[in-house]
Amino acid sequence: MKQKTDCLFIAYTGINPDLYLSDKYKEIPLKLETIFNGAIAYLGTYVNKKGITFDYIGSYELEKELLEKKLAKNDYAVVAISTTFCKSIGSISELVKFVKKINSSVKIIVGGPYQANIINQVDDLQLQLLLNKMKADFYLNSYH
């Protein structure tokens, strides 16, 4: 039986996992960590106060296996993608495609600074083309 959590927040961090996890950097005595996404903290607090349950993935790039397990075992109503560190439409499209491949019925919301920049800097025709390429269900025009 699948669990039921209302929302899954996913942070796109912009980290190149091949470089980040390469053997070259394992010799360096540094512990590299991803920064916890402030949008997840803010939105998680907000939805929790409204009685909405949530879960999160701190880095899509570094936690793909965990994301796949969570999507497979949980019946999320919504997946929300933070675009704080996105640099391209392709990265959002890839993430949306990955989520839909595992759970085709979940609704996907894309929002954050990158998304707001797209909405506010292109004309209507360009916007429709870009949104069609991303293939999410809902888009937020907010930098927060």
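This is a predicted model: local features need pLDDT of at least 70, side-chain atom pairs count only at pLDDT 80 or more; totals for chains, interfaces and linings use all residues.
Visitor: Why is phenylalanine 54 called partly exposed?

Guide: Buried requires under 20% relative accessible area and exposed requires over 50%. Phenylalanine 54 has 31% relative accessibility, and therefore counts as partly exposed. This residue lies in strand E2, residues 54–57.

Visitor: What makes the nonpolar surface patch, and what is its area?

Guide: Phe36, Phe54 and Tyr56 make the patch, which covers about 280 Å². Membership calls for over 30% relative accessible area; the value for phenylalanine 54 is 31%.

Visitor: Why is strand E3 described as largely enclosed by the rest of the structure?

Guide: The cut-off for a buried residue is under 20% relative accessible area. Four of the five residues of E3, which spans residues 78–82, are buried, so the strand is largely enclosed by the rest of the structure.

Visitor: How do you know that E3 pairs with E1 and with E4?

Guide: Pairing requires at least two bridges between two strands. Strand E1 (residues 7–11) is joined to E3 by five bridges, and the two run parallel. E3 and E4 are likewise parallel, with five bridges between them. As individual examples, alanine 11 has serine 82 in E3 as its bridge partner, and valine 78 stands opposite lysine 107 in E4.

Visitor: What makes the β-α-β unit right-handed?

Guide: The unit consists of E3, H5 and E4. The term right-handed applies because, with the strands pointing away from the viewer, the path from the first strand over the helix to the second runs clockwise.

Visitor: Which residues of helix H6 are buried, and what covers them?

Guide: In H6 (residues 113–121), the buried residues are Tyr114, Gln115, Ala116, Ile118 and Ile119. Their cover includes helix H5 (89–102), strand E4 (107–111), helix H7 (124–134) and strand E5 (138–139).

Visitor: What share of the contacts between residues at least 6 apart in sequence joins residues at least 24 apart?

Guide: That share is 79%. A contact here means heavy atoms within 4.5 Å.

Methods
Residues are numbered from 1 along each chain as its sequence is written. Side-chain values use heavy atoms; hydrogens and water are left out. Patches are made of residues with over 30% relative accessible area and no salt bridge: like charges are joined within 9 Å, nonpolar side chains (Val, Leu, Ile, Met, Phe, Trp, Tyr) within 5 Å. Accessible areas come from the Shrake-Rupley method with a 1.4 Å probe; for residues, only the protein chains shown count as cover. A salt bridge is a side-chain nitrogen of Lys or Arg within 4 Å of a carboxyl oxygen of Asp or Glu. Buried means under 20% relative accessible area, exposed over 50%, partly exposed in between (1.4 Å probe, protein chains only).
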